[in-house]
Amino acid sequence: MLIPFSYLLTLKNKISGIVHIGAHELEELPSYLKKRVKDIIWIEANPAKYNLIENRISKYKNMFLGKFAAGSKKDKLFLNISNNGQSSSILPLGTHKTSYPNIFYTSQVKVDVLPYDFWANKIRLNKYLYNFINIDVQGYELEALKGMQKQLICVDYIYLEVNFREVYINCSQIKEIDKFLSNFNFY
């Protein structure tokens, strides 16, 4: 995280729970636990990460894993797997290739894409418990946000990766994200 999570928790409202989309290997888990946030939903698209994540969260009764790519509609798409893991994306590499020439895609895997709201409703999740959203899905952030509009009305904070150029081909840009989030009184 570019802005340390410890700083984010000094904000006005208490963070009661987190929806974290783009779990990867739970790099943020120690920061969340340090600040005593226990209710966490982890969403991860890469099936190769599921066992690692489930093993790490198995001792926490209030943590759950959603095994899908978060998007705006139900679909099946290919997830491009990168050699560093962290740059894996539904989208093809754009300027990322020139900025980071040592990072490239090594394979693809077909994954389920679901709107977060659909999944949360299906498992009867209490959306009011989660007032913080963290999204890092390599240029697919706007699609993830579009699929969680019911959750967005319940949150106080959104922390997400934004792009100012096509780091990934057809990735969402900050202006598009700002325009969409303004409908929910976020900037």
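Glu-143 and Lys-146 sit three residues apart in helix H6 (residues 141-146), so about one helical turn separates them; helices here are DSSP runs of H or I with at least four residues, strands are E runs of at least two, and both are numbered from the N terminus. An α-helix has 3.6 residues a turn, so residues three or four places apart point the same way. The two side chains meet in a salt bridge at 3.8 Å, N to O, where a salt bridge means a side-chain nitrogen of Lys or Arg within 4 Å of a carboxyl oxygen of Asp or Glu. Glu-143 is partly exposed at 23% relative accessible area, and Lys-146 is partly exposed at 34% (buried is under 20%, exposed over 50%, partly exposed in between, with a 1.4 Å probe and protein chains only).

This is a predicted model, so local features need pLDDT of at least 70 and side-chain atom pairs count only at pLDDT 80 or more, while totals for chains, interfaces and linings use all residues. Residues are numbered from 1 along each chain as its sequence is written, and side-chain values use heavy atoms, with hydrogens and water left out.

The structure holds four salt bridges. One of them joins Glu-25 and Lys-49 at 2.6 Å, N to O. This pair ties together distant parts of the chain, 24 residues apart: Glu-25 is in the loop between strand E1 (17-21) and helix H2 (29-34), Lys-49 in the loop between E2 and H3. Glu-25 is partly exposed at 30%, whereas Lys-49 counts as buried at 14%. Another salt bridge pairs Glu-54 with Lys-67 at 2.8 Å, N to O, linking helix H3 to strand E3 across 13 residues.

Helix H3 (residues 50-57) has Tyr-50, Ile-53 and Ile-57 as its buried residues. They span an arc of only 70° around the axis, which puts them on the same side of H3; the arc is taken from the directions from the helix axis to the C-beta atoms. The face turned away from that buried side carries the exposed Asn-51 and Asn-55. The buried residues pack against strands E2 (39-44) and E3 (63-67), with contact meaning heavy atoms within 4.5 Å.

Ile-41 lies in E2 and is buried, at 0% relative accessible area. Leaving aside residues up to four places away in sequence, Ile-41 touches a set of residues including His-20, Phe-64 and Trp-119. Ile-41 and Leu-65, 24 residues apart in sequence, are 6.1 Å apart, C-alpha to C-alpha.
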